[in-house]
Amino acid sequence: MSLSTDPLETFREEAKELLVTLEESLMALEEEPQDHELIDTAFRALHTIKGSGNMFDLDRLVAFAHTVETVFAALRDGSLELDRRLTDLSLTAKDHLADLLALGDGSDPEIEQRDRELSSRFTAYLPEGGAASAESGGSAEADVGEATAHDGPGAGVADDELKDEAKDSTYRVILKPSLETFRIGGNPLLLISELQELGQTLVMGFVADVPPLSEIDPEGCYLHWDILVTTAAGEDAVRDVFLFVDGEIDIRVVDEGGFFDTDINYKRLGEILVDRGEIKPEDLEHAIGSKDYLGDVLIRSGYVTQEQVQSALSEQNYVRKMRETRRQTESSSTIKVQTEKLDELVNLVGEFVSLHANIAMLAEQKGDQDVRSAAEQMEGLIRQVRDLSIDLHMVPVDLLFSGFRRLVRDLCADLGKDVHLELEGTETELDKNVVDALKDPLLHLIRNSIDHGIETPEERSAAGKERAGRLKLSAYYAGAHVVIEIDDDGAGLNAERIRAKAVDRGLISAELELSESEIQGLIFEPGFSTAENATNVSGRGVGMDVVKRNIENLGGSIRVRSQQGVGTNMKIRIPLTLAIVEGLLARIGDGMYLINLAYIVECLELADVVDDSGDQIIDFRGEIVPYLDLRRFFRLEASENGGGQVVVVAIDDRKVGLVVDGILDKYQSVIKSLGKVYERAQGVSGAIILGDGRPALMLDVDRLARVTREELR
Amino acid sequence: MSDTILIVDDSVSMRQMTSMILKSGGYEVLEAAGGDEALKQFSNDVKVVITDYNMPGMNGVELIRTIRSGATNKSVPILMLTTESEEAKKNEGRDAGATAWITKPFEKETLLKTIKKISGEVSF
Amino acid sequence: MLETETTSANGENVVALRGELSLAETKAIRDALLAGMDGARTVRVDLREVTTLELPGLQLLYAARAEALKRGVGLLFDAGDNQARLERMCEFAGLAAISDVAPSDQE
């Protein structure tokens, strides 16, 4: 055989020889159709043509060789018998293979036509049109398209690179090579070295299982490793490194890149050990009771080794460092400013805004045109400064949300629940003070949801739900407000039980008819607690009424919607910023009141829209809207020219009218807290000082709207 | 000195092609057409053995078993080539002591990467 | 290739391992170290002329420590100029540095 330097040419030569071998065995099989060795030789010739042809992308040749090979595999394992007709057909196939070989990747309609005919004739020999395998060992893909796919190691790397967002994640690899590793040419150090090419690593090797010399199998491998690798290459790339490992291998993500984690602290020691399967949760619980350092207790009790504790601590430290580094890189384009300074700036701007309102009012009173136009120009600038300073004070709500990941994880562990936390709209920005003030209420609501809302995995299974519960925190803008929703797919509120309890506690009379949503709203009443046996998680001290009050103190509101067996939704609306409120200044009696502009739909003359029936309702563009006479509400003396204006406000699309004596102007102001004196004042939520030094009260629109609807009933 | 790799395959064209790839990767190459010839060529200088599964006479798995039970350099990394894509043959090779395995046809990069994966040296 | 030599001096056995501490030599290494420990109060392992150290060889050094602890025999490692390389390899593999074992004071 002449050897060419071109492998393809060599293959052609080789394949010709193989075809000769095939022909010879076929001729011999005519005489002895049962000769197993001859069938085997023919099979092998076809197999080699297929296998090598594959390397040269000779798809048609490979496909046809595969079809014929499949029939010979059936002959070989006895599921098919060779007869004269098949021998003839096979000889034709041999000639056709020679043609295909000569054709290469060229084209010839005649050969292609013959290819189809012959293929279908061979396929007819096979059960189910050729689904059987060419290999005796099982069902290989009969589809040649699959056989030509490049599925060696490293396949799919290109895909990973495409979808890769280049976010560093940290993976924990537990590598326990088999005892045989060294003997079969394996070298764990190569794996470590390959892993290092992917990114930063922390390699923790264990020698504790290495026996004393007199007991060791000197060629056995007793070492094992925990390795942390931080890479942007993706999990598949990490798995690829360990493709050929003989032994146990466990790879999992321990720190997902890409989200801004406020909680720089990683899992606790016990958690890491449980996570790695080195200690049982119940043993951990047992050890946690002790006052001593957990690591020591665990080692002393023989649950884990010194090495394992050391390794878990190293992991803890490593991930913390990674997170620190990540945060530093993320914040490199920013400068840090102390929050107090920002607070002060916002406050000063607020004062500035008030002062300007004062000047504008004076200019108006004095009728000085020049001062008035100067004040107007100033207003534009002040607005910009105000917006900017508020903007500086905004932080993404993620700062709040992602901190809850840990809480959810811990609660699940403590309560035996399985909850998947979803975060949505984490980029929504809120005043930092609002974010801080929201932390406790949200904490309480999340606790409630996991403790009382979401069922145990067993209960969920029994109810036909996924074992893992879902808890979703989402944030989005709604005008000058941000809405935060806490949504779970737990057991929901039990209206009957709530009602019974409310009656029991004297919150409502037994006869009172309430809608489902009104009953659910009762959970926010002071003195109400749904928990039949309060756990140490939700606690007994803080009720939902406190949550509600905290949110209302922020100028916000909270609503609950729940369906028994399906889940609960808590919807919190809060103003974007606490510092400055834009409102409409209204007069009621002798007093001045500010109505938050965010709630106002329209202002109308009461006389134009009032319904004559005597009910407290107005006709607002065909819509029946209840109204509340604020003069009466605040028990003020009636003045002759009072009650002329109605301010239509809307909360959650439900409108009510608030009747005031007159509307003066739009007004921006810094809100001051009311202090002790006003704490129990219904219907007001704060106070401002007007430009001329007089005080004005901020109306608590949310509460007033509720009172209005209640009165109507 | 560059590492020597022993290619065992009954197909001349496959040997030639594999050899070209390995030489381009800077390796020295020895070739054998079957298991028996491979054992004759086998020495301490061989850093990796690449063997086809399906060969007349001694097949790839038998060759691996023979090397693993031998006296010299029995822990040499062995890369097994299979045309079959089912697990059965790979597992057979794995049980016999193959260090790695790839499926034909493979790409040049895949072969070189795999060789590197199993033959590299971590210096002391 | 591996060469082993065991000598006795000042009541201390010295096992010198020279050349390659590779998989092929693991049985020889084990045997030499075990023989060196027999009847000794302290064994010094001389690694100064080691040319190649592979993971199976390194593993045997940990096994030697375990054996020494079990027997109460002192074990000293003398890597000389190889010390830095030895430490680097342990560090690379994430394994504890090879440390000496003090003889137990029972006798």
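A salt bridge here is a side-chain nitrogen of Lys or Arg within 4 Å of a carboxyl oxygen of Asp or Glu. Before you start, keep in mind that this is a predicted model, where local features need pLDDT of at least 70, side-chain atom pairs count only at pLDDT 80 or more, and totals for chains, interfaces and linings use all residues. Residues are numbered from 1 along each chain as its sequence is written, chains are lettered from A and ligands numbered from 1 in the order in which they are written, and side-chain values use heavy atoms, with hydrogens and water left out.

**Exercise 1. Describe the contact between chain A and chain B.**

Step 1: count the residues. Chain A brings 48 residues and chain B 42, where contact means heavy atoms within 4.5 Å.

Step 2: look at the area. About 3600 Å² is buried between chain A and chain B, with 56% of it on carbon and sulfur atoms. Buried area is the accessible area (1.4 Å probe) that two parts lose on being put together, summed over both. Met55(A), Leu190(A) and Phe244(A) supply 21% of what chain A buries against chain B, more than any other three residues.

Step 3: find the charged pairs. There are five salt bridges between chain A and chain B. In one salt bridge, Glu194(A) pairs with Lys117(B), and the closest N and O atoms are 2.8 Å apart.

Step 4: name the elements. Helix H1 (7-31), helix H2 (36-55), H8 and helix H9 (235-241) of chain A each give at least two residues to the side touching chain B. H2(A) gives the most, with eight residues. Helices are DSSP runs (H or I, at least four residues) and strands are too (E, at least two), numbered from the N terminus.

**Exercise 2. Is Val304(A) buried or exposed, and what does Val304(A) touch?**

Step 1: Val304(A) sits in the loop between helix H12 (294-300) and helix H13 (306-330) of chain A.

Step 2: check the accessibility. Val304(A) is buried, because its relative accessible area is 4%; buried means under 20%, exposed over 50%, partly exposed in between (1.4 Å probe, protein chains only).

Step 3: list the neighbours. Leaving out residues up to four places away in sequence, Val304(A) touches Leu273(A), Glu278(A), Ile279(A), Leu298(A), Ile299(A) and Val309(A). The C-alpha atoms of Val304(A) and Leu273(A) are 8.5 Å apart, though 31 residues separate them along the chain.

**Exercise 3. Where in chain A does pLDDT stay under 50?**

Step 1: find the stretches. One of them is residues 129-165 of chain A; over residues 530-541 of chain A the pLDDT is also below 50.

Note on methods:
pLDDT is the predictor's confidence in each residue, from 0 to 100.
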